[in-house]
Amino acid sequence: RDREAIVPLLRAIEIDPTYALAYAYLAEAYADTDRLDKALEMVQKGFAMDSKNAEVLRSMGYVWERSGDYLGAIEWYKQAVALRPRWAHLYVSLGQNYRVLGRIDEAIAQFAQAVEIDPQDPTAYDTLGLLYYVAQDYDAAAVQFRRAIEAAPNYGPAHGHLGWCEYVRRHYEKAIEHFERAIALGETSPEYYYELGLSYAYSGQCKAGIPWLKKALELDPNCQIAMQGLSYCTNR
């Protein structure tokens, strides 16, 4: 939710000042625009009206998370889970907060629970893959990214992340495939561009790689790796 959501939510509260969910969603909109004091005020109003609403509790967790209180967020998300144990996205939120705290085993457990409940949600597979990727278990990470793509073939982040795995494992042709797919789906990370360019370069196709390296520099003029890639290709 962003600034555009605030006005209709304020209107909803004006129409029905007792509508707890409107306060909860408004709190999230304020949190997304870094108005954390207003976010806390609104979500507390929603909670006072309906303390047993799982969406209100989830919004509480979200506001705490945006405020940087990850332990507090976890407690609110847990309360929401107690009311709605089959909502997969709650486990994703829990996992993300455990991940930030460095509690990786607990994070993995939450994402695994999310994919068990909703095998068609790519975000849980993708985030689980990222945990394995950070731990440098690239084979396990690739498995999760592929599962994300199987669940949602047009989920761009998973293509980009699988591209990372293929790149670090020097499977450059496969990396090219997934980086190009991620970019076609709207992903704009400079890392995708320069690793795509380098994948072409390292597979003997510098001519095809140079435009991607230049694009990375358009996005990040100080990208040293893209500069090194261009130098590599120039000196071939």
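Predicted model: local features only at pLDDT ≥ 70, side-chain atom pairs only at ≥ 80, totals over all residues.
## Basis

Residues are numbered from 1 along each chain as its sequence is written. Local features need pLDDT of at least 70 and side-chain atom pairs pLDDT 80 or more, while totals for chains, interfaces and linings use all residues, and side-chain values use heavy atoms, without hydrogens and water.

## Helices H11 and H12

The axes of H11 (residues 172–184) and H12 (residues 190–202) come within 9 Å and cross at roughly 150°. Helices are DSSP runs of H or I, at least four residues, numbered from the N terminus. H11 and H12 are therefore roughly antiparallel (angles over 145 degrees).

In the contact (heavy atoms within 4.5 Å), residues of H11 including Tyr172, Ile176 and Phe179 meet residues of H12, among them Tyr193, Leu196 and Tyr200. The contact residues divide into 11 nonpolar, one polar and two charged.

## Salt bridges

The structure holds 13 salt bridges, each a side-chain nitrogen of Lys or Arg within 4 Å of a carboxyl oxygen of Asp or Glu. Arginine 11 pairs with glutamate 14 at 3.0 Å between the closest N and O atoms; both lie in helix H1 (residues 3–15), three residues apart. Arginine 11 is partly exposed at 45% relative accessible area, and glutamate 14 is exposed at 57% (buried is under 20%, exposed over 50%, partly exposed in between; 1.4 Å probe, protein chains only).

Arginine 169 forms a salt bridge with glutamate 166, also 3.0 Å from N to O. Glutamate 166 is buried, at 1% relative accessible area. Asp139, Arg146, Glu166 and Arg169 are linked in a salt-bridge network.

How values were computed
Axes fitted to C-alpha atoms, helices over the stretch in contact; angles between N-to-C directions. Helix = DSSP H or I, 4+ residues; strand = E, 2+ residues; numbered from the N terminus. Parallel < 35°, antiparallel > 145°, perpendicular 65-115°, else oblique. Nonpolar A, V, L, I, M, F, W, Y, C, P; charged D, E, K, R; others polar.
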